[in-house]
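Some notes on the model follow, point by point. Please read them beside the coordinates.

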Amino acid sequence: LAESLDSAVTLLTVPATVTIERDYGECPASFGRAAELNQALMSLLTYAVNRAQSRVVVRVREAGGGVELRLSYDGPELTDSERKGLLDLQFEARDDKMRLQAALPAAAAAFHRQGGTLEAVPGPAFLGRLAGDSFQIQG
């Protein structure tokens, strides 16, 4: 999981005004659909970096027999309705065309397919949880 997060951070174009802090703690090695999880992490980090004013924080912890990922950023807080709709498919009008916004819903689906959950929470932040059978702790 740490390698997936580090790869996503390396591939991102991060503005000079934004720093990404990483705190992986007891970080598991991911199993199952690693490529799908990598894409989900990239989508979440991209969203956070684009909304951040100066800082994005990525924390990973063991929790309840699984792992918890908290990705927070210091951008504007979302309303309850914005948070609830953030992980749903959305259409956006841009340049006289309708575009489907699917990256964050796809990220949520990737967590679900790995036996986990992903939600947008106050902070603003994303909180992802993966079940213990989708990874193995290195140690």
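1. In this predicted model, helix 2 meets helix 4 through Glu36, Leu37, Ala40, Leu41, Ser43, Leu44 and Tyr47 on the helix 2 side, and Ala103, Leu104, Ala107, Ala110, Phe111 and Arg113 on the helix 4 side. Contact means heavy atoms within 4.5 Å. By class, 10 of these residues are nonpolar, one is polar and two are charged.

2. The crossing of helix 2 past helix 4 is left-handed.

3. The largest nonpolar core has 37 residues, of which Val56, Val58, Phe111 and Phe126 touch the most other members. Such a core joins buried nonpolar residues through side-chain atoms within 4.5 Å. Helix 2 gives the largest share of this core, nine residues.

4. Beyond neighbours within four places in sequence, Phe111 contacts residues including Leu37, Ala40, Leu41 and Leu44, as well as Leu69, Leu118 and Leu130.

5. Ser72 lies in strand 4. Ser72 counts as buried because its relative accessibility is 18%, the cut-off being under 20%. Leaving aside neighbours within four places in sequence, Ser72 contacts Arg55, Val56, Val57, Pro124 and Ala125.

6. Residues are numbered from 1 along each chain as its sequence is written. Local features need pLDDT of at least 70, side-chain atom pairs count only at pLDDT 80 or more, totals for chains, interfaces and linings use all residues, and side-chain values use heavy atoms, without hydrogens or water.

How values were computed. Left-handed = near helix turned anticlockwise from the far one by under 90°. Helix = DSSP H or I, 4+ residues; strand = E, 2+ residues; numbered from the N terminus. Nonpolar A, V, L, I, M, F, W, Y, C, P; charged D, E, K, R; others polar. Buried < 20%, exposed > 50% of the residue type's maximum accessible area, 1.4 Å probe, protein only.
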